[in-house]
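Look at the sequence and structure below.

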Protein chains: 2
Amino acid sequence: MDLCSKKLPLRSKYKGICEKKCYREKGHTGACSEFPYIADLAKNHPRVKNKIIRDATMTTGAAWKSEDAGPNRIPRQVMLQTDAVLLDYGLKMKALKPSVVAKLREKAATYEDCMSVAVKLTWLAYQMPDAPTCPKDIKNYLEKRYGTMAANSTPCIICKEPLSFSLFENAKRGKAEIETAHSNPREHNDINVGFAHRECNIAQGNKTLDEFYDWIIGILVRAGKIRL
Amino acid sequence: MDLCSKKLPLRSKYKGICEKKCYREKGHTGACSEFPYIADLAKNHPRVKNKIIRDATMTTGAAWKSEDAGPNRIPRQVMLQTDAVLLDYGLKMKALKPSVVAKLREKAATYEDCMSVAVKLTWLAYQMPDAPTCPKDIKNYLEKRYGTMAANSTPCIICKEPLSFSLFENAKRGKAEIETAHSNPREHNDINVGFAHRECNIAQGNKTLDEFYDWIIGILVRAGKIRL
């Protein structure tokens, strides 16, 4: 699909180092929009819409509050900049613990990749069991980007069990039961991304999916539960 | 082993609802002591000593700071008391989220169980690869409680790989790489407790070990990695 790609005005404090473009189809009528395909979720499932945009475009939140915990949720594209540039934007990378810096830098992704992830996640969300019906124009847009959509065809990328759309609303200890997950946690792009149960995502940790499967095979062999 | 069991004075704010006893052998000479077997670790590996006593006797820390996050690290035996009694000690259980209350109540354990866990963990720590040599009097005490000690015989209770004593000192993002783990996370006693890699303990989550193994077998079957 050819996209409009017109540059859109940014209000972020990081606007000097961030992009924002129109992702409507080229030649569209009416106003430009960065997330045209999310309108229906925005209206009927705002929590899901917020989650998709946040996970696609932002780094994770600081896990605790302290001087060196690092900034809370900043655009992933900002993390592509050098320490020197970030200093101009008030981000003192050198003041952070190396482990925090590594965690932040790991989340770096181009604007294009972030935007592709947002489309892919929306495409996946509409294919979950219990998902709302996708309006025709949005379905048309999503299918042009990622192919034909089929009901009940989005499993947890880790455990392969079905992921009910309703789990987006469930929360344990303030955390939704569905998380955005990565086959390789260090690559944020549309090929590598999907949804997972929170407990599966936690178990996978920072391993790739292949590393995770190999790891748990080893555990089961040593525990005498399976034989290779 | 018969224990002295003399009641010892408590300085805790919870002293009205906590026990403290001498765990030296009955008929000992010299002063009473609650943790006689930990003296060598206290001197040479204070971080390990602190971890063992903390994990054995205290609830976990509050994961984040907020009004309803619950109290940070209180004696497990305190959590055996009713809401009404706890209120007298400034713990407003009814003001906490049900999920926080459940997490705290899950950590409840009798003083006797906590003390047995501390002995068992010390016994296990001295049997790790790289563990310091156990002084003869302490070894004698520990073996009377839990049987003959053998070098290199303490694996991770989850993945069954060796757990090097040196991992106690390693810390990623402020967390030691060894954690106290439970075959059944809802039972805090000497039979049920051991050490595990942090990543294994995180993966196990609040499942029992058997549930965890069954769960990961299911994942591997559905992912096409093993056949039953």
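Buried means under 20% relative accessible area, exposed means over 50%, and partly exposed lies in between (1.4 Å probe, protein chains only). By that scale, Arg222(A) is partly exposed at 34% relative accessibility.

This is a predicted model: local features need pLDDT of at least 70, side-chain atom pairs count only at pLDDT 80 or more, and totals for chains, interfaces and linings use all residues. Residues are numbered from 1 along each chain as its sequence is written, chains are lettered from A and ligands numbered from 1 in the order in which they are written, and side-chain values use heavy atoms, with hydrogens and water left out.

A salt bridge is a side-chain nitrogen of Lys or Arg within 4 Å of a carboxyl oxygen of Asp or Glu. The count over all chains is 24. Three of these pairs are listed here.

| Salt bridge | N to O distance |
|---|---|
| Glu19(A) with Lys21(A) | 3.4 Å |
| Lys144(A) with Glu25(A) | 2.9 Å |
| Glu161(B) with Arg222(A) | 3.5 Å |

Lys144(A) sits in helix 6 (residues 136-146) of chain A, and Glu25(A) lies in the segment before helix 1 (39-44), 119 residues apart. Helices are DSSP runs (H or I, at least four residues), as are strands (E, at least two), numbered from the N terminus. Lys144(A) is partly exposed at 41%. Glu25(A) is partly exposed at 31%.

Glu161(B) and Arg222(A) pair across chains. Glu161(B) is partly exposed, at 34%.

Glu19(A) and Lys21(A) join Glu112(A) in a network of salt bridges. Lys21(A) is buried at 16%, whereas Glu19(A) is partly exposed at 32%.
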